[in-house]
Amino acid sequence: YRRQWLWDEKNQQDYIQLDFEIPPYTAFDLTLPYQKVIPLNVKFYPAQMPHRVKIGDFSTVNDNVMTKQSPKGLSGFDELFSRYAEGLKANPLQGRRFFWLNDVRLIKQDTTVYLVDQHQKMMGLDSRQINYTELWFTVAFDPFDVGLEWDGLSLKLISLAQGGHFECLSN
């Protein structure tokens with residue numbers, strides 16, 4: 001299967017596109033470019049809290065409407081956890097959620113790698129995923145924007161954006 005997170009900067013909301021395939025009988029119908037901000041038409045699968053989407057006609061999108069500008073996201077971890085809690089109230093079986101945070105910084109203390117938000121609050125990243133040296137060479141001391149997956153227990157780095165450059169860090 002394929003899982004692709006989408007971020008709606010207008011509503012500050014995450015959505016997920018799930019595709020399932022049984023090779024060799026089917027193929028994924030659409031692959032979105034992952035370093036672009038794209039206006040999309042989506043349809044929601046029925047649910048109490050619509051979260052899963054099916055992307056509509058993608059043929060009308062061209063390079064002129066795609067931007068490499070980082071989307072507007074949340075300002076910090078308090079807002080992230082508040083949104084996650086709201087989602088749990090609406091759907092107690094909610095698993096993972098995706099969030100886009102703006103202007104975070106990277107630090108390392110002992111063996112733990114942390115993101116520091118705009119309000120100077122820190123959150124450790126999933127250590128199984130992070131190569132601190134590679135990540136530090138990517139962002140250095142400058143603030144960057146980050147796409148994160150939170151499952152209620154650990155924070156996974158999905159993508160980052162800095163200075164008009166996007167990097168997908170997770171498959």
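User: What should I know before I start?

Analyst: The model is predicted: local features need pLDDT of at least 70, side-chain atom pairs count only at pLDDT 80 or more, and totals for chains, interfaces and linings use all residues. Residues are numbered from 1 along each chain as its sequence is written, and side-chain values use heavy atoms, with hydrogens and water left out.

User: How many aromatic pairs are there by the rule?

Analyst: Rings of Phe, Tyr and Trp (its six-membered ring) pair if their centres lie within 6.5 Å; planes under 30 degrees apart are stacked, over 60 edge-to-face, the rest tilted. Here the count is eight. One of them is Y15 with F44, edge-to-face at 5.3 Å centre to centre and 65° between the planes.

User: Where in the chain do Y15 and F44 lie?

Analyst: Helices (H or I, at least four residues) and strands (E, at least two) are DSSP runs, numbered from the N terminus. Y15 is in strand 2 (residues 13–19) and F44 in strand 3 (residues 42–44), 29 residues apart.

User: Is Y84 buried or exposed?

Analyst: Buried means under 20% relative accessible area, exposed over 50%, partly exposed in between (1.4 Å probe, protein chains only). Y84 is buried, at 8%. W150 is buried too, at 7%. Their ring centres are 6.4 Å apart with planes at 80°, so this pair is edge-to-face. Y84 lies in helix 1 (residues 77–90) and W150 in strand 8 (residues 144–150), so the pair ties together parts 66 residues apart in sequence.

User: Which residues do ring pairs link into a cluster?

Analyst: W5, W7, F98 and W100.
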